[in-house]
Amino acid sequence: MGDYKPQEIEAKWQKRWEEHRVFETEAELGGTAEVEKSKPAPSKPEDAAPGEKKAQAPGAKTAPGAPGGKTKKPKYYVLEMLPYPSGTMHMGHMRNYTIGDVVARVKRMRGFNVLHPMGWDAFGLPAENAAIKNKTHPRTWTNNNIAEFQRTLRRFGFSYDWRREISTCEPEYYRWNQWFFLRMLERGIAYKKKSRVNWCPKCCTVLANEQVVNGGYCWRHEDTRVEAREIEQWFLKTTAYSEQLLEDLKQLEGGWPDRVIAMQRNWIGKSIGVKVWFEVASQESTAEGGQPKSEGKNLEDPGAKAAPGASKEKIEIFTTRIDTIYGASAIVLAPTHPLVGRLIAGTPGQAAAEKKLVEMKVSSVKTEDIATAEKDGFFTGRYAVNPFNGEKVPIWVGNFVLLEYGTGAIMAVPAHDERDFEFAVKFGLPVPVVVSKEKSFSAEGSEKEHRGHGEEKKTQAPGAKPAPGAPGGGNPSAQAEVPVPQRPFTEYGVSVNSGLYSGLKSEDAIERMASDAEAEGFGKKETIFRLRDWGISRQRYWGTPIPVIYCAKDGMVPVPDKDLPVLLPANPLLTGEGESPLATDPEFVNVKCPNCGGPARRESDTMDTFVDSSWYFYRYCDPRNDHAPFDPAKAAYWFPIDQYIGGITHAILHLLYSRFWCKVMRDLGLVAHSEPIARLFTQGMVQKGGVAMSKSRGNVVGAEEMADKYGADTGRLYTLFAAPPEKDLEWSEESIEGAWRFLNRVYRMVEKHWEKATAEEKREDNAESAEFAERKLQGPGAKAAPGAPTQKERELLRKAHQTLRRVTQDFEGRWHFNSAIAQIMELVNAIYAAEPLEDGVRPAVQKEVLELVTLMLAPMTPHLAEELWEMLGHKDGLWTVAWPAINEELAKEDEVEIPVQVNGKVRGRVTMPPGAAQDEVVKRATADAGVAGHLAGKTVRKVIFVQDKLLNIVVS
RNA sequence: GCCCGGGUGGCGGAAUGGCAGACGCUGAGGACUUAAAAUCCUCCGGGGAUUUUUCCUCAUGUGGGUUCGACUCCCACCCCGGGCACCA
């Protein structure tokens with residue numbers, strides 16, 4: 001007799017699991033041993049490499065990957081997101097891995113060949129920064145952290161196949177990043193371009209757009225504003241897959257949380273519209289006084305004719321609402337638009353415009369302001385011609401137009417766009433209405449066929465003075481036939497004041513006008529995406545070197561496959577400032593050209609670490625392959641991932657890049673599928689004091705300290721019980737005490753009965769142990785104890801099997817681990833309530849009930865469950881036992897209590913055998929005094945009867 | 001502004017059309033103990049009636065609706081959290 005000592009129990013079973021290689025996958029393909037034969041992960045300074053120590057454990061079962069041992073089990077791939085080994089493991093990690101581990105263990109008990117691997121997202125800035133600070137090597141820092149993190153993971157008994165461990169900073173891994181890069185380079189998916197980039201002065205490196213958060217701050221340093229710089233960068237053409245990335249989201253519906261799909265869709269940002277070219281009117285024409293020409297779609301501008309030598313600039317705009325083009329009262333260019341300089345050259349206001357432009361360019365860098373900034377802009381002094389009606393519209397520059405999106409130029413339609421309306425109000429541009437909500441109005445408006453007079457309908461924005469560029473200003477007789485809108489009307493309606501198109505519904509107008517624009521040669525239907533290409537260049541040391549060489553003679557030359565991997569130099573000079581550390585290392589940089597053998601220079605950028613995590617889950621299928629990233633046959637067996645589990649923080653970046661990578665691999669012929677992850681689960685955060693745990697807030701609870709205090713099983717149980725897994729979890733010391741008490745209560749319960757139960761049972765049946773396990777696999781039919789069961793036995797067995805039914809459901813379907821635990825607690829309470837068990841419950845039944853409790857707890861508190869299983873007299877580990885089958889016969893109720901309602905209020909209860917017919921229930925119910933009282937003197941209108949559930953008598 | 005979540009006792013939460021508050025925490029009381037801890041047992045949403053057993057009534061953010069019956073479904077609104085945001 002002793003107490004529950006989690007530390008002892010946990011160490012004992014972890015050792016045994018390892019000896020018996022319990023968590024290793026079975027061979028997915030016939031033939032060779034899969035993982036063992038290959039080399040262990042190299043260059044781990046202290047930690048013994050995985051795969052070594054279990055070579056010949058005494059009493060080990062046949063190696064799962066033994067030759068010819070192809071498994072017949074169905075596969076199941078469950079994966080938690082690759083951790084960055086930042087040192088200590090906190091409760092957020094712990095919760096993530098606990099959920100995954102329960103799933104993995106349940107699936108194993110249900111007869112699946114489970115792949116449940118773990119590895120390290122080992123490249124990245126913190127290692128480099130720590131190395132600079134502590135004057136160590138990033139590899140040393142990283143590997144120390146990995147060792148620490150791994151020790152903690154093992155302490156929690158997570159059921160990983162450690163043979164498959166990978167670390168992305170090892171050349172054996174990152175050489176395949178380089179290999180993929182070269183394949184992408186061959187296909188034009190990887191390319192280099194000069195671009196304005198986000199520069200974090202703290203990281204001293206370039207950030208991806210996605211890494212810029214909160215409107216202009218570094219995602220790592222939320223207090224540091226990102227600056228803009230122009231640098232040559234490597235990009236991966238994610239935009240080549242925009243349409244597929246969007247389209248294939250449909251495949252994920254049902255398997256992924258709706259909000260993640262929504263966020264991805266939002267991020268990709270598809271817009272269907274039209275590009276339209278507006279010709280720029282010559283300056284002479286502008287000087288003429290700007291009387292617009294009204295020859296319909298003949299675009300020849302008189303000014304342009306008058307000066308045939310003048311170049312005809314065209315401004316390309318993009319719009320999703322071409323139906324509003326008759327309401328365009330300006331063209332607005334981004335301040336950084338390349339045409340701006342040429343347009344203002346030679347205009348009277350050139351000097352002022354240039355000054356203004358500089359101001360706007362500076363302020364637009366401060367992205368923080370953009371969201372809240374007031375609309376700003378200026379008139380260039382030039383006009384463009386609306387190709388639909390030949391009308392001249394002023395060309396403006398506006399701070400709200402982004403060069404990066406669309407064409408960097410828009411047509412401003414104030415009457416039908418919020419943003420344009422705001423701009424027009426501020427600068428006094430006209431607000432011509434060209435879409436009406438009502439049909440009758442449109443008929444009226446479309447009567448004037450001479451489009452050239454469209455401007456007569458234009459009205460000044462309320463309270464605004466005519467702007468210099470407002471054509472309405474040149475027409476003093478303009479009068480408001482159409483009321484000045486107070487708000488822009490942005491919905492679809494019916495076109496008005498739109499020439500030939502007046503009277504059309506917006507949908508039809510868009511279609512017709514787009515087609516006409518194409519036919520006339522001044523427009524093109526176009527779909528644009530918000531998604532940008534993925535900038536992967538980083539000017540840092542601790543990442544994958546980009547395998548490219550620059551030769552004075554041959555230009556850019558890819559590193560040949562045979563020369564991979566391009567290794568990181570062993571001893572970099574890390575300062576954290578200035579140029580990339582690789583660029584200043586002559587041994588790394590100076591290289592012979594692979595083509596001509598002449599002197600050349602190596603690329604010194606390294607890759608974004610999101611590259612590492614975009615395909616790592618394929619490597620787990622074949623982690624030691626040294627001639628390919630993985631064997632396609634193995635990936636075909638394991639993929640797609642059946643269940644991926646991680647934080648919502650990766651809803652966009654990591655998952656989008658992973659989806660992109662998969663499609664590239666598909667096009668390379670490596671995989672046949674288009675989506676790598678069939679099901680995604682995003683667990684909630686662990687909070688303390690209502691906020692996420694973080695070092696800066698100082699509210700972190702370490703996994704290690706919790707294991708010290710209560711043991712791993714209590715920690716696991718607590719995180720599962722305290723909240724449903726998708727919701728945030730508020731850390732509570734009191735609640736964890738509750739979990740601890742419960743496990744002690746279970747332990748005491750089993751301890752009290754095991755000795756007697758097993759001893760007596762041996763007399764009855766000394767082959768019980770083996771047979772029990774066998775029976776579990778065969779399904780229902782608890783071994784009938786000789787003689788008729790007692791009432792107490794029936795009740796206990798019923799409760800046990802009912803619990804099993806609910807717990808099975810909670811594990812399989814909804815992942816309501818908290819209510820599964822609540823059910824088991826109820827069962828344990830029922831067993832306590834039935835004490836003394838000796839009184840009326842035979843040992844075999846005692847044992848059956850206790851075994852069910854143990855088996856149901858096994859996925860959640862595996863160490864304790866193993867210990868209890870052993871206490872209950874089993875020689876073979878619990879890991880050999882299948883999930884128990886529900887015995888519906890035993891679970892069935894003898895009688896049910898049916899609430900009886902009168903007019904929907906419970907007025908009594910009757911106890912009936914299950915399946916009792918309505919007549920009988922009504923008969924019994926009306927005999928009930930409480931019910932009868934409410935029926936007296938009333939007429940029964942209706943009787944609602946739900947078998948075994950409820951009776952409702954409606955009276956009046 | 002747009003798009004997602006969410007709102008139930010002192011607290012975490014359960015119930016997805018059928019007895020609201022399972023299970024746990026906290027709190028109160030009792031048993032055991034010289035005592036404490038641990039353990040075991042009982043009670044614990046508000047209001048009211050009743051000596052007690054018990055009964056009535058209100059209650060799942062607010063207001064409507066559908067239904068014999070609504071935490072659950074529908075409409076409108078309020079509040080909280082998250083994501084996106086001059087996206088043309």
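How far is a phosphate oxygen of RNA strand B from an N or O atom in the side chain of arginine 907? The distance is 3.2 Å. Keep in mind that this is a predicted model, and that every value I give today is computed from it.

Let me stay with the RNA for a while. With glutamate 826, the partner on the RNA is a sugar or linking oxygen, and the distance to a side-chain N or O atom is 2.8 Å.

Now the surface as a whole. Which elements give two or more residues to the surface near RNA strand B? They are the helices α8 (258-268), α23 (733-764) and α26 (817-833), and the strands β11 (314-319), β31 (896-902), β32 (905-912), β33 (940-946) and β34 (950-955). Helix α26 contributes the largest share, six residues.

In total, 49 residues surround RNA strand B. The closest are Thr320, Lys375, Arg419, Ala722 and Arg909. By type, the surface holds 21 nonpolar, eleven polar and 17 charged residues. On the RNA side, take the atoms within 4 Å of the protein: 62% of them belong to sugar or phosphate, and the rest belong to bases.

Next, a pair of helices. Two packed helices are described by the angle between their axes and the distance between the axes. For α2 (residues 91-109) and α22 (residues 712-721), the angle is about 90° and the axes are 10 Å apart. An angle from 65 to 115 degrees counts as roughly perpendicular, so α2 is roughly perpendicular to α22.

Who meets whom there? From α2 come Met91, Met94, Arg95, Thr98, Ile99, Asp101, Val102 and Arg105. From α22 come Gly715, Arg716, Thr719 and Leu720. The residues of this contact divide into five nonpolar, three polar and four charged.

Last, a sheet. Three strands form an open sheet with mixed pairing, in the order β29-β28-β30. Why is one side of β29 (691-692) and of β30 (729-730) left without a neighbour in the sheet? Both strands stand at the edges and have a single partner strand each, so one side of each has no neighbour there.

Strand β28, residues 686-688, runs antiparallel to β29, and two bridges join them. To find one of these bridges in the structure, look for glutamine 687, whose bridge partner in β29 is alanine 692.

Note on methods:
Residues numbered from 1 in each chain as written. Chains lettered and ligands numbered in written order. Predicted model: local features only at pLDDT ≥ 70, side-chain atom pairs only at ≥ 80, totals over all residues. Heavy atoms only, no water. Pairing = 2+ DSSP bridges. Helix = DSSP H or I, 4+ residues; strand = E, 2+ residues; numbered from the N terminus. Axes fitted to C-alpha atoms, helices over the stretch in contact; angles between N-to-C directions. Parallel < 35°, antiparallel > 145°, perpendicular 65-115°, else oblique. Contact = heavy atoms within 4.5 Å. Nonpolar A, V, L, I, M, F, W, Y, C, P; charged D, E, K, R; others polar. Near = heavy atom within 4 Å. Polar contact = N/O pair within 3.5 Å; in protein donor to acceptor, adjacent residues only side chain to side chain.
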